[in-house]
Amino acid sequence: MDERQLRVLRELGELGSVTAVAEAMRVTPSAISQQLRLLQRSIAVPLTERDGRRLVLTAAGQALADAAIGVETALARARHTVDEFVERPDGAVSVAAFHSGAAAFFPLLLRRLRAPGSPNVALHDKDVAQDDFPPLTRHYDLVIAHRLDHAPPWPRTATATPLLHEPLDIALPADHPLAAKPALTPQDVADQPWITVHDGFPLMATIEAVSAAAGRRVEIVHRINEIAVVAEVVAAGGGVALMPRWTSRPHPAVVLRPLSGIHAHRHIDVLHRPERTARRAVRTVLTELLRAAKTIRARDEAATSAHD
């Protein structure tokens, strides 16, 4: 039995005829009769009987119709509870992000959601290979992910909202001879020792592009995923590295130089399952992430203007 069948039975008990029930529910009498037949299949005793030309409830049918009132009331309460959950502005929202994305977006997000009644955000750092970002949407409401320009698009199982299209620069010690150049070519950096991420993570494809453009394999001496640690190793003379222009924190002993001759950018997107944004709190956090992205871009523009 289901809710609609129970409602038909209840209406029959109150209105007294199939025709009257059909009019009340705005369906055909045959549709009402079909619902009654389906309900009867699940009940061992007769629920209706003929009284002349009319179809009326038996004692068992009336007992079930009375119970249907409680069922409808409970379902109405359940729907109301769901509606409150969906529309609650201060609901819990889980957000996961890769390390440099977390460092850039999490502080801005927390500052923007301080007001009473704001969503209750739970933050998580997840440094995973590119293919492992979409599956995280099973466990988190919003997932801040990154992929290179020429990487395959995100699968259709997840909705992607763009945040940033971020340039990737060459990081090198401030006293390095190449730091005097305004931009660097693959030939400039191919013979340098390199610090890069582990295999399978974004950025590796750009390292391979540098090798291809320079016509020789670069020497990778250190494998480090955490950008802040990479900056410290670069500053200590451990090698050069690719570093995101906007989401990495400035280091006083490290300079960034654009890489010419190679399209070195990454997409930073928010991934989520479509049903998650049915909740008001999740939509609010997504909006604030978009605002945070604008702030991050504006900071870079301001820093560039001040440098010029």
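So, which residue stands opposite Ala241 in E9? It's Ile195. Let me walk you through the surroundings, starting with how to read the model.

What you're looking at is a predicted model, where local features need pLDDT of at least 70, side-chain atom pairs count only at pLDDT 80 or more, and totals for chains, interfaces and linings use all residues. Residues are numbered from 1 along each chain as its sequence is written, and side-chain values use heavy atoms, with hydrogens and water left out.

OK, strand E9. When I say helix or strand, I mean DSSP runs numbered from the N terminus: H or I of at least four residues for helices, E of at least two for strands. E9 covers residues 240–244, and five of its five residues are buried. Buried here is under 20% relative accessible area, exposed is over 50%, and partly exposed is in between, with a 1.4 Å probe and protein chains only. Both faces are covered: Val240, Leu242 and Pro244 sit on one side, Ala241 and Met243 on the other.

Who are the neighbours of E9? Two strands pair if DSSP finds at least two bridges between them. With E6, residues 159–173, E9 pairs in the antiparallel sense over four bridges, and Asp169 stands opposite Met243. With E7, residues 193–196, E9 runs parallel, joined by two bridges.

Next, helix H7, residues 204–214. Its buried residues include Met204, Thr206, Ile207, Val210, Ser211 and Ala214. They cover an arc of only 165° around the axis, so they lie on the same side of H7; that arc is taken from the directions from the helix axis to the C-beta atoms. As a reminder, an α-helix has 3.6 residues a turn, so residues three or four places apart point the same way. And what do the buried residues of H7 pack against? E5 (142–148), E6, H6 (186–189), E7, E8 (219–223) and E9. Contact, by the way, means heavy atoms within 4.5 Å. Just after H7, Gly215 takes a positive phi of about 80°.

Ala213 is also in H7, but at 37% relative accessibility it counts as partly exposed. Leaving aside residues up to four places away in sequence, Ala213 touches Pro186, Gln187 and Ile262. Thr185 is 28 residues from Ala213 in sequence, and 9.0 Å away C-alpha to C-alpha.

Now the holes. There are two cavities of 30 Å³ or more. On a 1 Å grid over the protein atoms alone, a cavity is a set of points where a 1.4 Å probe fits but cannot get out, and lining residues have an atom within 4 Å of a point. Grid points are joined across faces, edges and corners, and volume is the space filled by probe spheres set on the points.

The largest cavity is about 100 Å³. Of its 12 lining residues, Asp127, His146, Val197, Asn225 and Ile227 are the closest to the centre.

Our opening pair is back here: the lining includes Ile195 and Ala241, along with Leu242.

Last stop, Arg276, in the loop between E11 (265–272) and H9 (280–307). Buried or exposed? At 19% relative accessibility, Arg276 counts as buried. Beyond residues up to four places away in sequence, Arg276 touches Thr137, Arg138, His139, Tyr140, Asp141 and Val282.

Conventions: 1 Å grid on protein atoms, 1.4 Å probe; cavity = no way out; pocket = protein on both sides within 12 Å on 5 of 7 lines; lining within 4 Å.
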